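Biologist: Please pick one part of this model and walk me through it closely, with the cut-offs spelled out as you go. I'd like to see how that part sits in the rest of the chain.

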Amino acid sequence: MTRALSPVIVGAGPAGIRAAEALVAAGLRPVLIDEAARGGGQIYRQPPDGGFTRPKTALYGTEAAKADAVHRALDRIRDRVDYRPRTLVWNCERGALDLLCDGVTDTIPYGPLILATGATDRVLPFPGWTLPGVFTLGGSQVALKFQGCAIGRRVAFLGTGPLLYLVACQYLKAGVEVAGVFDTTPQTVQARALPGMLRDPATLAKGLALVGWLRLHGVPVHHGIRPIAVEGEGRVRALRVRHGAGEIAVECDAVAFGLGLRSETQLADLAGCAFRFDPMDRAWLPVRDTAGRTSVPGLYIAGDGGGIAGADAAELAGERAARAALEDAGLPVDAARVAWLDRRLARVAAFRRALNAAFPFPQDWAATIPDDLMLCRCEGVSAGTLRGVGQRGEAREINRAKALTRVGMGRCQGRVCGAAAAELLAGALGVGPDAVGRLRAQPPIKPLPITATPVQEATP
Amino acid sequence: MTEHIHCDVAIVGGGIVGGSAALFLREMGFSVTLLERDWCGAKASGVNFGGVRRQGRPLEQLPLSQRAHAIWGRLPELLGTDAEYIRSGHLKLARSEADLDSLIAYKERSAGFGLDLEIIAGDAFRRRFPALGDRAVGGSLCPEDGHANPRLVSPAFARAAAARGAIVREQTPVDRVSRDGDRFVLVSGDALEVRARVLLNTAGAWSHRIATAFDEPVPLESLHPNMAVTEPLPRFLDVNIGVEGGGVYGRQVPRGNMVVGGGRGFALDPDRARPQRDAVLTLMRDAAELFPQIAKAHVIRCWTGVEGYTPDRNPIIGPSRTTPNLFHAFGFSGAGFQIGPAVGEALAELVRDGRSTAPLDAFRIDRFPPTP
């Protein structure tokens, strides 16, 4: 690889850091770009420099050792990578990335490109979801890990997925009262998924330990629920859910909710990657092989940005993608190590299927969303408005629905409402979410300040 | 199993021109089939800036533009929606005394066309438009011009045509077009064959393919106007803004977002285009200079489209010179949105009467030297 082909990694979470580590070990000096001030990604997000007194064991709970290992890995290679923290990649255009750092834009060409862009929470709206005090699970975790605060004094946890239990435990450990954990998945479904999860007994044991620890501390854990509403005037006061034939109401001043994660794929889209519908993630994802190669030569995807598999898988996938990049550039790779990574990744894939069976997406939820409920907060589009263009035959595809209703056109560009919009439009048309397509990415992938100055014009 | 449709008029291209032609032809009683490769109004007609402006057009376009102005006034009645159309006024800014002189000269030249232009300068300009920065020394206001949401207007014309009985087929590319006796034959894969006495070529940036199929190649170039929109801001601007000499344009939509345009995107392939990074950054700088209120805002989205441009920047509108009953309307060169509905109406007249009441001579297809 010549200097012009210097590899670029986007994202310094578990996948990006392990990818950088492997490239450095091969004698290269990759560019490592990350939005955060400190490495670790969302899952191992580090507190701001200085001022934080809680140790890693308190911040990350059961994940502390892994978080520490990933942080140390970055520390070790820091002087051998072109590390660019606090930097947003806002566009990908014809072989170059556009960056924004401290109000200054810069453009860097890339040779091999490894996208390790991670994921955000997948949410569906329900009555009261826009009340102040309702946060996503990931957002609740960021508050704890980065802002040193909780989203409330008495918090209810709603949704499904491993994060539901992990964040509830982290909150409990931080001294917050947990009003209850409300899992949309019935206990029978989770029990049926147990054998599959035995593929990774350590992770399964940890998951069961989380639930046990919550119960031990008197936290009610309910299964098979559906939300009715978050109640309150200008502020969360209570959460009401349907449970079997009955109803449960808990008083709380905050709600953390999420239905698993969704991949951040905009850069892959702008870079021209082919996508396919992944029934397990119920999302259109970049096509990639087990090593992370996409349809675009020289472009690799590692970690949750290409499909949700979690932090452990992300570490493996990051290293694997880096080794694929080395191999494709004609550099020597350690075949035994690659074979080991492939075996581990295959096990992860199997475990991921089991995990998905244990925390399935509640497919019936979207149909119950009332027409007058706000779906797209940025543009003020209700569920009924979106359903209407489907029912009247005006839009059979999500970008067309966007053009007619503005859904997904606002600040978040559909990153928050996109999954729900696809479910609602599909429901209105009587088809699966695969049939309505995916929102096309448009630059900037996150809002760009008008005052952003090109680096060549910025005064030193 | 191929479906066969026989009709009076086949239209290729469901943009604002094809859609409005279908609508007016149905009102005259013709049977119409409209074929659109994508979704109707999803290309240049639906992703343009949204300016509904007569001011600044070459004089030869003004008769059509005036007729379009009347049609825009009837949108709710024609389409069942106002599509966020507002007669806010269009203000063309002068950044120098020389530019102001150009605006005054245009006002004089266009005096007979009913634009009611008003030149405002100096202190009167500052008092009237306090929101505009110091960059402008004055401007020319066309009070009845305005802006609309192109994503809503353009699909609505095709929808209104369908509601009046036109057959509208979206996601239907035309793979072959030929003559069989006195009929045009349009084929879309194995699925559809349309036979029609009259063919309207309203396929936008792709129209030259049909023109070429009938031995009428035209020098049409695809370009990609670059646009961006900010997050919603408090209302500070009603009028649609252009600048003498070009460069940047802007309008604030009722939701508060500021839509600005300037510069060019680039082609991904013949069918798709993307905004271009340097154009986006230049546009942000120029727009913030013109509209100080947006300086602290964010751009939330950029886009462009694929638009056909002719060498003289006037469209091609009128009968084919090689083939009877073939009519063209394309090459609007970035300014087809406002006059589109009047062009559709003129096409309908050409089909019915063989001539249009609007002068179209400047838009003849044979005005260009033959392309090799």
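Modeller: Let me start with residues 8-350 of chain B, whose end C-alpha atoms lie 13 Å apart, in a span that is 29% helix and 30% strand. Helices (H or I, at least four residues) and strands (E, at least two) are DSSP runs, numbered from the N terminus. UniProt lists that span, in an unreviewed entry, as "domain: FAD dependent oxidoreductase"; its positions are given in the numbering used here, feature names are shortened, and annotations may be inferred rather than shown by experiment.

Some ground rules. This is a predicted model, where local features need pLDDT of at least 70 and side-chain atom pairs count only at pLDDT 80 or more, while totals for chains, interfaces and linings use all residues. Residues are numbered from 1 along each chain as its sequence is written, chains are lettered from A and ligands numbered from 1 in the order in which they are written, and side-chain values use heavy atoms, with hydrogens and water left out.

Now over to chain A, for the wider setting. Chain A has 13 helices and 24 strands. Its radius of gyration is 22 Å, close to the 23 Å that the globule rule gives for 460 residues, so chain A is as compact as a globular protein of that length. That radius is taken over C-alpha atoms, and the rule is 2.2 Å times the number of residues to the power 0.38. The C-alpha atoms fill a box of roughly 65 × 50 × 45 Å along the principal axes. Of the 460 residues, 57% count as buried, where buried is under 20% relative accessible area, exposed is over 50%, and partly exposed is in between (1.4 Å probe, protein chains only).

The part I'd zoom in on is helix α4 (residues 137-147) of chain A. Eight of its 11 residues are buried, so α4(A) is largely enclosed by the rest of the structure. Among those buried residues are A:Leu137, A:Gln141, A:Leu144 and A:Lys145. The cover over them includes α2 (56-60), β8 (119-121), β9 (134-136), β10 (154-160), α5 and β16 (254-259) of chain A. Just after the helix, A:Gly148 takes a positive phi of about 65°.

Take α5 (residues 162-173) of chain A, where A:Gln170 has its place. A:Gln170 is buried at 5% relative accessibility. Setting aside its neighbours within four places in sequence, A:Gln170 is in contact with A:Leu59, A:Tyr60, A:Gln141 and A:Leu144, contact meaning heavy atoms within 4.5 Å. A:Gln170 and A:Gln141 are 29 residues apart in sequence, yet 8.1 Å apart in space, C-alpha to C-alpha. On the chain scale, residues 24 or more positions apart account for 66% of the contacts in chain A with a separation of 6 or more.

Several of the covering strands belong to an open sheet. Five strands run in the order β9-β16-β10-β11-β12 (chain A), with parallel pairing; two strands pair if DSSP finds at least two bridges between them. β9 and β12 (221-222) of chain A stand at the edges with a single partner strand each, so one side of each is left without a neighbour in the sheet. Further in, six bridges join β10(A) to β11 (residues 177-183) of chain A, in parallel, and A:Val155 has A:Val178 as its bridge partner in β11(A).

A:Cys376 is in no disulfide either, with the nearest cysteine sulfur, that of A:Cys417, 4.1 Å away. A:Cys376 counts as buried, at 1% relative accessibility.

A:Asp102 has a positive phi near 50°, sits in the loop between β5 and β6 of chain A, and is exposed with a relative accessible area of 60%. A:Pro443 and A:Pro444 are joined by a cis peptide bond, with omega about -10°.

Methods:
Disulfide = S-S within 2.5 Å.
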